[in-house]
Amino acid sequence: MSTAPQNEPRTSPTPSGAVALPSVGARGRARSGTTTDVALVATFAAFIAVCALLPSIPVAGIPVPITLQTFGVLLAGVVLGPRRGAAAVGLYLAVGLAGMPVFAQATGGLAVVAKPSFGYLIAFPLAAALAGYVASLARRVRPALRPFVLFGAAMSGSLVFIHPIGIAVMGWRLDLDPGAAIALGATFVPGDVIKNMLVAVVAAAIFRAFPDMLRVRR
Amino acid sequence: MITFESVAVRAESTPGAPDVTILAGVDLHLVERRVAVVGANGSGKSTLARLVNGLVLPTDGRVLVDGLDTARDGAAIRRRVGFVFTDPDAQLVMPTPREDVALSLRRLTLDAAERAERVHGVLARFGLAAHAEVSVHALSGGQKQLLALAGVLATEPAILVCDEPTTLLDLRWRRVVDELLDSLDQQVVLVTHDLDAAARADRVLVVDGGRIVADGDAWGAIETYRDRMAVR
Amino acid sequence: MSRRRRSPWIGPLGLYSPGSTPLHRAPVGAKLTALALLGLAVVLVRGPVGALALLAVAAAAAAVARQPARATLTGLVPVLATAAGLAAFQWWQQGLAAAIEVSVDLLTLVVAAGVVTATTPADRMLDALERAARPLRHVGLRPESFALSVALMLRTVPALVQTAAEVRDAARARGLERNPRALLVPAAVRTVARARTTGAALAARGLGE
């Protein structure tokens, strides 16, 4: 009757081995609600910075290693929801523009405004917000189908905002004709499909470890 | 003085599934200076600790600290009750020790000079003055836990709740932190797996399966705990 | 003494290094404005000579702030590598002048941003940002949370880098280093777990009210 293991299922060990306290229901979570939002937003902004700064990772099966900046941006949107996701990306951009080198290749400061790739940065918060909004639909489907909805959410962010705005600004800055700009921009799309599949897999794992992250969306 | 009045905490685990009971039927009146809480992983002892400063609110019943209800007077409760977590890394917010302690003092309205002086005093008291400007990330685990304690004690709370503060530390740092906790004037509620530390408490609570199964002086309670943990 | 485990490329993210030079004592707002103006100058000033002159300005600022030359250069190694790659590409594409300008501009901004970080304690940076963010109150953003978020983000970056390294080692130990799932899932789950603990810790310290 008194051995420990029978109590174990109360808290579910997360894949990392850390034990998550069961999230306490509506009455219980009032207190740390806003501070948890601040912490999630700041931590995901840091996560995006690390994704942008880390050397690109090798993926079995494709020759070119992939960089993770847009992975971080869309994961923030999908995991946190539209407002907190956009806030995390906005915080990341604000800190980068203020002069901390947190953008890809350790750049930062106002110089990025002048670069042809600035359109991609402008598109990030919008993409995170849209991805977060669409990802909320994953609540309504069976867990087995969730990764597909999450992939769709990430793809919508890429296709509606990141590529169109990124390509438009690049074409304008480099004085390219629209066809050439689109062709140049389209070279990133296959990599994005792989990254967005990773977003879906990782976000699904997070929602399994912390089910309330899918329930409480802001 | 901490009072639990028929407190229960239930939480939803997976959507649609029935709520899990994390703690039930807790009635306590804690006036002792040193209270230890022991129990297995997942027994509900961390939730018990979090109830004291309103990080978790009871589903049923209420928790009172010096007459204040944790559900109604959250801000006042957290000025009165400090809380230290197991992993100091997640608790330290600012890049350097000096700034982290300064952050704690933000809500006391002090001018810059007063604040700097208080910060220096607190760091000196915890033996961290030499590390004031070092990256928090570069501190050892033990130094980080001391800093977490410094950040919490800087505002001089009346009660200190510690959730397994020494679990991640080596023996030497464990002793440093234990001695520091023993030396405090505050009422201390210590959640721990370290039975030697529990044995020094004035009162020991044993939590198992979401209930208080033993409550009394260190000797009797720890015997009960050893019995329950015995593998059969 | 304390062990310092820092990947070199966190270098420019830097940390405050205490001192009493004029740059340490200068108001934060002035330093941020100067950095912004330098950024603008880098964009507006064309040609390799102008670029080198601006790099000299940034280097002079680093000297005034008494930045140890050796540590600064070590921190700059990855940026130097990027700058060299960029220079080679531009040389091939647009000639030597463009190559010098683009790569030197990059160095200028990284050095200058590093000087601002190294001479400004984060809490003073926060106070400045809090003042700057005050108008955002009207759109429902609390300036204190903004300032706190900035500090928390900067403090979290090195910790997440360490997490990433640990996760990478763990994946390597199991022969999974080419499996992005084995790298990203544990890193992301630990990131969320860390954020939630930090949120509870902030609430416990009374910083949410």
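**Notebook: salt bridges, helix pairs and an interface**

I began with one pair across two chains: C:Arg194 forms a salt bridge with B:Asp89, and their closest N and O atoms are 3.8 Å apart. I note here that the model is predicted. I checked the pair against the cut-off: a salt bridge needs a side-chain nitrogen of Lys or Arg within 4 Å of a carboxyl oxygen of Asp or Glu. Side chains of opposite charge can pair when their charged atoms come close.

**Chain B with chain C**

I then asked how many salt bridges there are between chain B and chain C. The count is 3. Over all chains, the count by this rule comes to 22.

Next I looked up the contact itself. Chain B gives 33 residues to it, and chain C gives 33 residues. The size of an interface is often given as the accessible area lost when the parts come together. For chain B and chain C I wrote down about 2900 Å² buried between them, with 58% of it on carbon and sulfur atoms. Which three residues supply more than any others of the area that chain B buries against chain C? They are B:Ala90, B:Val93 and B:His137, which supply 21% of that area.

I followed helix H3 (residues 82–97) of chain A to helix H2 (residues 69–80) of chain A: their axes come within 7 Å and cross at roughly 145 degrees. H2(A) makes the contact with A:Gln69, A:Val73, A:Ala76, A:Gly77 and A:Leu80. From H3(A) come A:Arg84, A:Gly85, A:Ala88, A:Val89 and A:Tyr92. By class, I have 6 nonpolar, 3 polar and 1 charged residues in the contact of H2(A) with H3(A).

I also opened the UniProt record for chain A. The unreviewed entry lists several stretches as "transmembrane region", including residues 118–136 and 193–210. In the model, residues 118–136 of chain A are 95% helix and 0% strand, with end C-alpha atoms 29 Å apart. Residues 193–210 of chain A are 94% helix and 0% strand, with end C-alpha atoms 25 Å apart.

**Chain C: a helix pair and the record**

In chain C, how do helix H2 (residues 28–44) and helix H5 (residues 96–119) cross? Their axes come within 10 Å and cross at roughly 180 degrees. H2(C) is therefore roughly antiparallel to H5(C). Among the residues in contact are C:Leu35 and C:Leu38 of H2(C), and C:Leu109 and C:Ala112 of H5(C). The contact of H2(C) with H5(C) divides into 8 nonpolar, 3 polar and 2 charged residues.

For chain C, the unreviewed UniProt entry gives "transmembrane region" for residues 35–64, 71–92 and 98–118. I found residues 35–64 of chain C to be 90% helix and 0% strand, with end C-alpha atoms 15 Å apart. Residues 98–118 of chain C are 100% helix and 0% strand, and their end C-alpha atoms lie 30 Å apart.

Key: Residues numbered from 1 in each chain as written. Chains lettered and ligands numbered in written order. Predicted model: local features only at pLDDT ≥ 70, side-chain atom pairs only at ≥ 80, totals over all residues. Heavy atoms only, no water. Axes fitted to C-alpha atoms, helices over the stretch in contact; angles between N-to-C directions. Helix = DSSP H or I, 4+ residues; strand = E, 2+ residues; numbered from the N terminus. Parallel < 35°, antiparallel > 145°, perpendicular 65-115°, else oblique. Contact = heavy atoms within 4.5 Å. Nonpolar A, V, L, I, M, F, W, Y, C, P; charged D, E, K, R; others polar. UniProt positions renumbered as here; feature names shortened; annotations may be inferred. Buried area = accessible area lost by both parts, 1.4 Å probe.
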